[in-house]
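Hi,

Here is the structure I promised to pass on to you. Have a look at it first, and then read on for my notes on its pockets and charged pairs.

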Amino acid sequence: MTAVMAETSHEEELAEAREALAHLVENGDLERIVHLARLAGAAQDSMSDELVGRMAGLASDGLDLLDRVHRSQVVHALPAISALVENGDLERIVHLARLVGAAQDSMSDEIVTRLAGMASNAMCLLDRATRTGVMERMVTVAEKMDQEHILTDFLRCLAGATEEAAHAPLPKGGLTGLWELIKQPETQQTIQFLMLLGKHFRSCRLKH
């Protein structure tokens, strides 16, 4: 009785296996399994000891690199790097680095020597101006000019004169035109100001 039951169970398992195999054949899965087995066999045949060693080395190097990235906390810099990429700043930094590299490559020994000489002369000039008090006097004059708006007024007047001269009629020439120009109060005030400027400058020069 036990033998009959075992044989019946075995036949049922064979029937289920044949049915499953039939499904695999019908939907093409059996062919895919065969191709996969052939691929795995070909890969296994091509795996020499040297290739296995190289793949193990690559995996080890990859894990070491990943560990270094994690320990150096580069992950925290990824948002900033993403922002640089999005707004184009990273590309500008790359262009700047290339420009600096090109400038560095073009720096011959002669150019470096000339630049060093110019820097040395500039430092000597600055030191001399500081020791003689020229720098302090220049700073004092510059502060006074800034407080009294002298430079600002001069630049504003220069711009206004340039614009007015561009639209002003051409001078008539001759003594008549000169006389008409001199008769204007603005011309006389300007001449008077220039005379006073020359007077004060002459007095300053005579003191030395």
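How much space lies in the second largest pocket? About 300 Å³. Please keep in mind that this is a predicted model.

Let me stay with that pocket for a moment. The second largest pocket is lined by residues that include Pro 169, Leu 170, Pro 171 and Lys 172, with Gly 177, Leu 178, Glu 180, Leu 181 and Gln 184 also in the lining. By type, 5 of the lining residues are nonpolar, 2 are polar and 2 are charged.

The largest pocket holds about 510 Å³ of space. Helix 7 (134-147), helix 8 and helix 10 (185-207) each give two or more residues to its lining. Helix 8 has the largest share, with 4 residues. The lining is made up of Val 141, Lys 144, Met 145, Ile 150, Asp 153, Phe 154, Cys 157, Phe 193, Leu 197 and Cys 204. Of these, 8 are nonpolar and 2 are charged, while no polar residue takes part.

Now for the charged pairs. Side chains of opposite charge can pair when their charged atoms come close. There are 3 salt bridges in the structure.

Arg 156 counts as exposed because its relative accessibility of 54% is over 50%. Asp 153, at 34%, is partly exposed.

In helix 5 (residues 89-106), Arg 92 and Asp 89 are likewise 3 residues apart, about one turn. Their side chains meet in a salt bridge at 2.6 Å, N to O. Arg 92 is exposed, with 52% relative accessibility, whereas Asp 89 is partly exposed at 29%.

The remaining pair is Arg 131 with Asp 127, whose side chains meet in a salt bridge at 2.8 Å, N to O. These two residues are 4 residues apart in helix 6 (residues 109-131), so about one helical turn separates them. Here Arg 131 is exposed at 61% relative accessibility, and Asp 127 is partly exposed at 41%.

Best wishes

Notes
Residues are numbered from 1 along each chain as its sequence is written. This is a predicted model: local features need pLDDT of at least 70, side-chain atom pairs count only at pLDDT 80 or more; totals for chains, interfaces and linings use all residues. Side-chain values use heavy atoms; hydrogens and water are left out. A salt bridge is a side-chain nitrogen of Lys or Arg within 4 Å of a carboxyl oxygen of Asp or Glu. Buried means under 20% relative accessible area, exposed over 50%, partly exposed in between (1.4 Å probe, protein chains only). On a 1 Å grid over the protein atoms alone, a cavity is a set of points where a 1.4 Å probe fits but cannot get out, and a pocket is an open set with protein on both sides within 12 Å along at least five of seven lines; lining residues have an atom within 4 Å of a point. Grid points are joined across faces, edges and corners, and a volume is the space filled by probe spheres set on the points. Ala, Val, Leu, Ile, Met, Phe, Trp, Tyr, Cys and Pro count as nonpolar, Asp, Glu, Lys and Arg as charged, and the others, Gly among them, as polar.
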